[in-house]
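Thanks for making time this morning. Please bring the sequence and the structure up on your screens, and I will talk you through the core and the sheet.

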Amino acid sequence: MELLEIMKNRRSVRSYTGEPVPEEALEKILQAGLLSPSGRAVRPWEFLVVRRKETLKKMAGCRAAGAKMLEDADCAVLVLGDARKTDVWTEDCAIAMTGMHLMADSLGIGSCWIQGRLREASDGRSAEEYLRELLGYPEQMKLEAVLSLGMPKDHPGPYCLEELLTEKVHREKY
């Protein structure tokens with residue numbers, strides 16, 4: 001499948017069947033993240049993979065809203081960035097998230113980007129504080145986002161190229 005087709009078909013999937021994500025698919029998803037470009041090739045990201053069901057259920061509280069799908073996910077990948085390494089760690093982490101999101105969909109794995117940075121947990125703390133306490137990652141690692149993964153119960157239809165907002169493209173001058 002060509003890249004544009006993968007991008008058209010990539011949709012956020014929030015409901016999962018409960019079937020396990022094959023380990024070889026998870027490895028490819030992680031490899032896609034590790035292969036992502038970063039400014040000056042600093043690669044400030046690290047990934048924390050969670051598969052324990054009881055932990056995933058607790059992780060669903062990392063956001064006041066918008067993380068409930070973690071309760072039924074088979075797996076989650078936290079994308080963390082070391083802010084000491086570069087001032088563009090957020091952009092670099094977002095690129096890695098995008099690569100993993102696209103790879104998951106291309107393999108038939110449902111995924112959803114759960115924004116973590118600058119978001120509030122269900123208990124009023126930041127999502128970062130909530131997940132750091134739960135998962136024990138070091139203070140210098142900053143949360144960008146969580147990628148939920150599971151076998152899709154439902155997959156929305158692809159985007160249509162004819163419906164793209166081409167008025168958002170400007171040429172030569174705004």
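By a nonpolar core I mean a set of buried Ala, Val, Leu, Ile, Met, Phe, Trp, Tyr and Cys residues joined through side-chain atoms within 4.5 Å, where buried is under 20% relative accessible area, computed with a 1.4 Å probe on protein chains only. This is a predicted model, in which local features need pLDDT of at least 70 and side-chain atom pairs count only at pLDDT 80 or more, while totals for chains, interfaces and linings use all residues. Residues are numbered from 1 along each chain as its sequence is written, and side-chain values use heavy atoms, with hydrogens and water left out.

The largest nonpolar core has 24 residues, and those touching the most other members are Met59, Leu70, Leu78, Leu131, Tyr137, Leu143 and Val146. Two or more residues each come from α3 (53–59), β2 (75–82), β3 (110–115), α5 (127–135) and β4 (141–150), helices (H or I, at least four residues) and strands (E, at least two) being DSSP runs numbered from the N terminus.

Turning to the sheet, four strands form an open, antiparallel arrangement in the order β1-β2-β4-β3, where pairing requires at least two DSSP bridges between two strands. At the edges, β1 (45–50) and β3 each pair on one side only. Between β3 and β4 there are six bridges in the antiparallel sense, and Trp113 has Leu147 in β4 as its bridge partner.

Finally, α5 packs on this sheet and touches β1, β2 and β4, contact meaning heavy atoms within 4.5 Å.

Notes: Buried means under 20% relative accessible area, exposed over 50%, partly exposed in between (1.4 Å probe, protein chains only). Axes are lines fitted to C-alpha atoms, for helices over the stretch in contact, and angles run from 0 to 180 degrees between N-to-C directions.
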